[in-house]
Amino acid sequence: QVQLVESGGGLVQAGGSLRLSCATPGRTFSRYAMGWFRQAPGKEREFVAAIRWSGGSIYYADSVKGRFSISRDNAKNTAYLQMNSLKPEDTAVYFCAAGYFGKRSDDYDSWGQGTQVTVSS
């Protein structure tokens, strides 16, 4: 397992943008696929995006395709989620995770503490 720390959440108006970061102090960051998930109040955690360790393969949930972009900088031990054209339904706590490349929570064994994203209408 690795320690993950998210940042970059906040309050934004609909149509705006935010960039989330997920940093790890560990030197093994480049070995792991990275994923982003989110959980809205009263709802189950859902997959948002994932990127393979090399950055060569990426998955997106249909709900964010064309608006969100996942990337990583292995030299900085950091993964990113660029969120554009935000909608009120994107409001949730966003979690980054490290593990195997996939869309299921069970694919990942290390999780950050979460960062709140609130989109006002």
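Let's start with a facing pair: Met34 stands opposite Ala98 in strand 9. Strands here are DSSP runs of E with at least two residues, numbered from the N terminus. This is a predicted model, where local features need pLDDT of at least 70, side-chain atom pairs count only at pLDDT 80 or more, and totals for chains, interfaces and linings use all residues. Residues are numbered from 1 along each chain as its sequence is written, and side-chain values use heavy atoms, with hydrogens and water left out.

Strand 4 and strand 9 run antiparallel and are joined by 7 bridges; two strands pair if DSSP finds at least two bridges between them. Strand 4 is also antiparallel to strand 5 (residues 46-51), with 5 bridges joining them. Here you can find Phe37 opposite Phe47 in strand 5. The hairpin of strand 4 and strand 5 has 6 residues between the strands, and Gly42 takes a positive phi near 75 degrees in this hairpin.

## What is covered

How many residues of strand 4 are buried? Of the 7 residues in strand 4 (residues 33-39), 6 are buried, meaning under 20% relative accessible area with a 1.4 Å probe and protein chains only.

## The disulfide

The structure has 1 disulfide, a pair of cysteine sulfur atoms within 2.5 Å. Cys22 is joined to Cys96, with an S to S distance of 2.0 Å. The two cysteines are 74 residues apart and link distant parts of the chain: Cys22 lies in strand 3 (residues 18-23) and Cys96 in strand 9 (residues 92-99).

Why is this disulfide right-handed? The torsion about the S-S bond of Cys22 and Cys96 is about 60 degrees, so the disulfide is right-handed. Cys22 counts as buried because its relative accessibility is 0%, and Cys96 counts as buried at 1%.

Technical notes. Helix = DSSP H or I, 4+ residues; strand = E, 2+ residues; numbered from the N terminus. Buried < 20%, exposed > 50% of the residue type's maximum accessible area, 1.4 Å probe, protein only.
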